[in-house]
Structures are given as C-alpha cells and as structure tokens.
Amino acid sequence: MSTPLFAYTLRLADDALVLGHRLSEWTSRAPTLEEEMALANIALDLIGQARVLYSYAGEVEGRGRSEDDLAYFRDEAAFGNLLVNELPNGDFAFTVVRQALVSAFMLPYWTALTGSRDATLAAIAAKAEKEVSYHLRHAAEWLVRLGDGTDESRRRSIAALEELWPWTGEMFEMPDDERALAEAGIAVDRAALKAEWSRTVDTILEEATLDRPRDGWMQTGGRRGVHTEHLGTMLAVMQSLARAHPGATW
Amino acid sequence: MHPVIPSAESILPVSPAIPASAADTPADERRARAWSAAASVVDPEIPVLSIADLGVLRDIRFDAAGRVEAVITPTYSGCPAMNMIAVEIGLALDAAGFPDAKVTTVLSPAWSTDLMTEAGRRALAGYGIAPPVGRAGGRRALFGETSVACPHCGSPETERISEFGSTACKALYRCRACREPFDYFKCI
C-alpha cells in the first residue's frame with residue numbers, strides 16, 4: 001500500500017529525475033562548450049538528488065524496490081512530477097527561463113525542508129539546497145544576458161517566459177497527502193513559498209529588463225499522473241535500455 | 001585484480017590526525033592504522049587531494065566481530081567519483097590487513113568546503129586549482145562574482161568564465177594578468 005511519505009518522496013524524486021534528464025538532452029548540442037558542461041553538471045546534481053530520493057522512497061515502501069526499479073520500471077501515469085519539468089527543452093532561452101523559474105522555487109523549498117522532522121529528507125534537502133543555489137545563479141545570469149541582450153535573444157526570452165508562465169502555478173499546489181505531511185512537520189507548505197518565489201523572479205526579470213507575465217489560468221495534473229504528451233516519449237527513451245536488458249550493469 | 005594503490009603518495013598532504021586521544025591502546029592503534037589506510041585514497045579527479053583532506057572520510061569504526069567500516073560523505077549529490085572512492089577504500093583497507101571492509105555513505109551533516117584541511121587547500125593551489133574562498137553557509141547573492149586569486153601567478157585580476165567546470169565541485173576562471181584559464185574549487 002502506498003503511504004503518504006512514500007508518495008511524497010517519490011514525487012520529489014520524479015521532479016528531480018525528469019528535469020535532470022531533460023537537461024542531459026543538451027549534451028552534445030549546447031551553444032558553447034562551457035554551457036555544455038554547466039548543463040551537464042546541473043543535470044548530474046538533479047539526477048544525484050533523484051537517486052537518493054528514490055532509494056529512500058524504496059526504503060519507506062519496504063517492498064524491496066531499488067532506485068532503478070522506481071526510475072525505470074514505472075509508467076507515465078505513475079510519475080508525479082511537475083508538468084513544467086517534462087516540457088521539451090525548446091531553444092536555449094526556454095531552457096534558461098524554465099531553470100530560473102523552477103530553481104527560484106526549489107531553493108526556498110529545500111531550505112524549508114532542511115527543518116523536516118524526517119531526518120533523511122532533511123539531510124537530502126541540506127545537500128540539494130547548496131546545489132540549487134548555484135543552479136539559480138547560473139540561470140539568473142543567463143536570463144539577464146538573454147533578456148537584456150540582442151533583439152533576437154530578447155524576443156526568444158519573452159516568448160519562453162509567456163509560454164512557461166501558465167505551468168508555474170502547479171509548483172504551489174498541495175496534494176492532500178502532502179498537506180497532512182506538512183501539518184506533521186515532515187513536508188513543506190508549498191503555497192507559503194509563493195511570496196519569496198515572486199520576489200526572486202521579479203528581481204531577475206527586472207535585471208533582465210523583462211516584464212512579468214500576468215497570472216492567468218494555470219495548467220496542472222502532473223501530481224495526479226496526468227501528463228503532457230511529452231513525458232511518455234521522454235520515458236520511452238530514458239527507460240528503454242533498462243527494460244530491454246533488465247539488470248544490466250556497466 | 002590488483003589492488004589500486006594511490007601513486008601520488010609522496011606529494012600527498014599530511015592527513016589530519018584522527019580525533020582519538022592517542023594511539024595508546026591496541027584498539028586505538030588498530031583504528032589509527034585503518035584510518036591512515038583509508039585516508040591514503042585520493043579523489044580520482046584531483047589526485048593531490050586525499051579523501052581525508054577533502055573532508056569526505058568521516059569515520060572509521062569496527063563492529064563487534066572486528067570488521068572495519070569506513071564512513072564517507074559525498075561532496076555533491078551526483079558526484080560520480082563516490083563509487084570509485086568506495087572501491088579504493090576497500091582495496092586500501094584490504095592491503096593494510098583489514099579484509100571485508102564495509103563502506104557506508106552518510107548525507108548528514110552535509111559536506112561543505114569548510115571541512116577541507118589547510119594542507120588540502122595548499123595542495124589544491126599547488127596543483128593549479130584555486131581553493132575555495134571564504135566560508136560556506138552564508139546566503140548567496142543572486143548576482144555578483146567571488147574574487148579568486150590566480151593559482152598560477154597570484155594575481156587577483158581574474159574573471160569567471162563559467163559557474164560549472166570540469167567536475168561538479170569546480171568553476172572555470174581565467175586570469176587577466178597571466179591569461180591562463182584555471183579551475184576554482186567552489187565554496188559550498
């Protein structure tokens with residue numbers, strides 16, 4: 001039976017893995033060699049976070065499922081990640097804007113989770129917090145360069161911001177089981193982080209000379225396993241080797 | 001399979017003394033021997049830095065049956081060197097007479113560059129990698145650059161090329177004085 005702690009830990013792991021995998025897709029096609037290394041490093045941090053979270057989820061579940069079982073042998077509808085994390089990379093501006101919007105949320109999220117009454121989640125959060133502070137800084141600096149850069153980079157940044165904005169509301173959504181965990185001091189109240197996220201995003205956008213899009217209808221569903229058409233194809237690629245050769249090792 | 005013995009031993013910085021009072025009992029002496037064996041393992045990406053000087057080696061302990069356990073902590077969540085470090089600790093302990101070593105990874109307290117020893121920092125600089133500047137823990141500013149001295153010529157006139165370098169723990173800088181690029185060990 002799925003307990004709230006298992007489901008919650010799994011969602012955190014899915015968030016990290018899906019975004020980490022998307023970033024890894026930039027390998028061999030980033031705009032510059034330095035940026036190739038940066039995106040791969042961020043992907044590595046996220047996949048590392050996913051690994052410890054999946055391992056812990058498997059432990060909590062107590063049915064002997066490993067990190068690999070959870071990452072490679074669950075189907076699309078069992079993934080509880082944020083939809084914004086699964087969207088295709090688009091152009092470099094789209095990737096940068098997404099990374100800035102998501103990191104601006106994840107930094108205060110991990111900071112708050114370091115106070116969790118669950119010692120393992122608190123320990124994972126303490127490491128992730130340090131890492132994501134670099135991810136945010138990297139994305140923020142790029143967004144300034146693109147937004148306040150050439151006409152073309154500015155046009156692409158504005159387009160990315162407009163396209164991504166309706167996917168940001170889901171970050172603050174609290175599934176019922178997570179609300180109970182937050183009340184017990186284990187999870188974090190996501191809605192309470194909205195003000196800090198807003199301030200960070202406004203600071204970056206102001207520096208980048210970009211206007212903040214107006215809040216409107218927000219897309220959700222990822223937490224319930226209702227995904228965009230993009231996650232299925234991403235998982236098919238990501239999981240193909242493990243499924244074709246179960247138990248394969250290097 | 002041959003045990004992999006770190007070859008950079010002669011240029012290794014002195015490992016920090018184990019935090020035991022003194023090696024005055026056989027158990028202390030045994031632990032000290034196991035510690036120095038494990039501490040001889042170096043970071044595969046930065047072979048002048050021992051895992052003790054890096055702050056990755058947390059503890060050496062023995063279970064009731066006398067089996068040795070090395071406790072390590074990862075630098076970054078996704079650090080791919082951890083598997084290799086664990087294997088090399090096992091081999092180094094085996095070669096020092098501690099077979100069947102167990103290597104345990106702990107996450108808390110989170111690793112920080114503050115754990116790096118002075119000897120480790122000097123070894124890094126000597127190897128051409130600028131050691132971390134300042135202390136970790138403060139809230140990072142969203143914008144702005146850390147002033148890092150060039151490890152080659154010592155000039156403070158340097159600029160950051162990229163926040164992320166050849167490994168997760170490093171950023172890429174360039175010296176405006178001697179024009180050489182260099183790695184900076186990020187402060188976290």
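Ile60(B) has Ala70(B) as its bridge partner in E4(B). This is a predicted model, where local features need pLDDT of at least 70, side-chain atom pairs count only at pLDDT 80 or more, and totals for chains, interfaces and linings use all residues. Residues are numbered from 1 along each chain as its sequence is written, while chains are lettered from A and ligands numbered from 1 in the order in which they are written.

**The sheet in chain B**

- E3(B) and strand E4 (residues 68–72) of chain B run antiparallel, joined by 5 bridges.
- Strands (E, at least two residues) and helices (H or I, at least four) are DSSP runs, numbered from the N terminus.
- The open sheet of chain B has 3 strands, ordered E3-E4-E5, with mixed pairing. Two strands pair if DSSP finds at least two bridges between them.
- Strand E3 (57–62) and strand E5 (102–105) of chain B each have a single partner strand, so one side of each lacks a neighbour in the sheet.
- From one strand to the next, the twist averages 20°.

**Helices on the sheet**

- Helix H1 (residues 26–39) of chain B packs on the sheet and touches E3 and E4 of chain B. Its direction makes about 140° with that of E3(B).
- Angles run from 0 to 180 degrees between N-to-C directions; axes are lines fitted to C-alpha atoms, for helices over the stretch in contact.

**Where the chains meet**

- Chain A gives 25 residues to the contact and chain B gives 19 residues. Contact means C-beta atoms, placed from the backbone, within 7 Å.
- H6(A) supplies the largest share of chain A's side, 13 residues.

Terms used: Contact = placed C-beta atoms within 7 Å.
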